[in-house]
Amino acid sequence: MNDSQENATAEESFISHLVELRDRLLRSLIAVAVVLGVLCFYPGPGEIYDMLAAPLTQALPEGTKMVAIGVITPFMVPLKVTAMVAFVLALPFILYQAWAFIAPGLYAHEKRLGVPLIISSTLLFVLGMSFCYFFVFGQVFHFISSFAPKSITPAPDIEAYLSFVMTMFLAFGLAFEVPVALVVLVKLGVVTVEKLKEWRSYFIVGAFVVAAVVTPPDVVSQLALAIPMCLLYELGILASRLVSGPAAVDAGQQADLTGEMDKAEEAFRNLSGK
């Protein structure tokens with residue numbers, strides 16, 4: 001009877017977690033849908049895509065425009081871009097829903113990191129995308145256009161450009177999350193600050209390898225991704241050192257409490273022996 005009750009309780013708890021997960025996913029989807037609806041009315045998918053394509057169109061020869069090969073591509077591609085912008089704008093709310101789902105299973109000192117991690121991860125991801133849009137795209141497109149033969153007229157497809165842009169945005173957005181990842185790993189006790197310092201040279205090599213694989217085959221974009229990753233790694237080490245301080249204090253307090261309990265137990269045994 002007890003086993004059946006425990007099984008029933010565990011099943012109810014599992015179902016309740018699934019229901020909560022469903023509700024939070026629905027809230028996230030509704031938030032994205034609301035932002036998408038607003039963006040469709042103002043400024044509109046066409047205007048948003050024109051803003052996204054501005055770095056490329058500025059690098060093209062005068063009078064050259066992008067082309068759309070597919071039949072419904074002129075409709076679907078701007079809509080996909082608008083959906084991507086809506087997701088980025090709703091990202092803080094989505095991250096909050098994810099945090100609210102996992103927070104009940106965390107310790108108190110882990111919960112205190114929730115809001116700072118949500119804010120910092122969102123800002124860093126947007127900062128990575130902004131760095132890619134305002135700096136990397138202009139340099140890369142001008143660098144590529146300078147190598148184009150004069151006998152051809154470049155006319156990029158808008159769907160291929162969207163695929164390229166999303167890959168670059170994702171790469172730079174995730175690369176700028178390096179400090180957050182290091183802080184989480186140190187706070188969870190997976191690695192230490194000393195280990196991160198020892199792994200610095202390996203990370204530099206890995207950063208250039210990742211940049212060579214993810215970015216286009218040109219030196220400008222590879223350096224534009226690898227160098228910020230190395231700098232952010234150093235920033236992550238500094239932030240991890242600051243965050244690991246309270247953990248060390250808690251560990252020391254716990255050790256002192258354990259020592260006091262051992263002394264009390266020893267005194268009780270001596271008293272009982274008398």
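Contact here means heavy atoms within 4.5 Å. With that in hand, here is a quick tour of a predicted model, in which local features need pLDDT of at least 70, side-chain atom pairs count only at pLDDT 80 or more, and totals for chains, interfaces and linings use all residues. Residues are numbered from 1 along each chain as its sequence is written, and side-chain values use heavy atoms, with hydrogens and water left out.

**H2 against H6**

- Met51, Leu52, Ala54, Pro55, Leu56, Gln58 and Ala59 of H2 touch Tyr133, Phe137, Gly138, Phe141, His142 and Ser145 of H6.
- Sorted by class, that contact has nine nonpolar, four polar and no charged residues; Ala, Val, Leu, Ile, Met, Phe, Trp, Tyr, Cys and Pro count as nonpolar, Asp, Glu, Lys and Arg as charged, and the others, Gly among them, as polar.
- The two axes, H2 and H6, come within 8 Å and cross at roughly 30° (axes are lines fitted to C-alpha atoms, for helices over the stretch in contact, and angles run from 0 to 180 degrees between N-to-C directions).
- That angle makes H2 roughly parallel to H6 (under 35 degrees is roughly parallel, over 145 roughly antiparallel, 65 to 115 roughly perpendicular, and the rest oblique).
- H2 and H6 cross in a right-handed way (right-handed if the near helix is turned clockwise from the far one by less than a right angle, left-handed if anticlockwise).

**H6 against H7**

- H6 packs on helix H7 (residues 158–175) at about 130°, with the axes 8 Å apart, so H6 is oblique to H7.
- This crossing of H6 and H7 is right-handed too.
- On the H6 side the contact takes in Phe125, Gly128, Met129, Phe131, Cys132, Tyr133, Val136, Phe137 and Phe141, and on the H7 side Tyr161, Phe164, Val165, Met168, Phe169, Phe172, Gly173 and Leu174.
- By class, the residues of the H6 and H7 contact come to 15 nonpolar, two polar and no charged.

**H4 against H6**

- H4 and H6 pack at an angle of about 145°, and their axes are 10 Å apart.
- H4 crosses H6 right-handed, with Leu91, Pro92, Leu95, Tyr96 and Trp99 of H4 meeting Gly114, Ile118, Ser121, Thr122 and Phe125 of H6.

- The largest pocket holds about 490 Å³ of space. A pocket is an open set of points on a 1 Å grid over the protein atoms alone, where a 1.4 Å probe fits, with protein on both sides within 12 Å along at least five of seven lines; lining residues have an atom within 4 Å of a point.
- Among its 18 lining residues, Leu52, Val85, Met129, Tyr133 and Phe169 are closest to the centre of the largest pocket.
- H6 is the top contributor to the lining of the largest pocket, with six residues, and that lining splits into 16 nonpolar, two polar and no charged.
- The second largest pocket has a volume of about 300 Å³ (the space filled by probe spheres set on the points, which are joined across faces, edges and corners).
- Of the 14 residues lining the second largest pocket, Trp99, Ile102, Leu106, Leu117 and Val184 are closest to its centre.
- The lining of the second largest pocket has 10 nonpolar, two polar and two charged residues.

**A cis peptide**

- Tyr42 and Pro43 are joined by a cis peptide bond, with omega about 5°.
- Pro43 is in the loop between helix H1 (2–41) and H2.

Notes. Helices (H or I, at least four residues) and strands (E, at least two) are DSSP runs, numbered from the N terminus.
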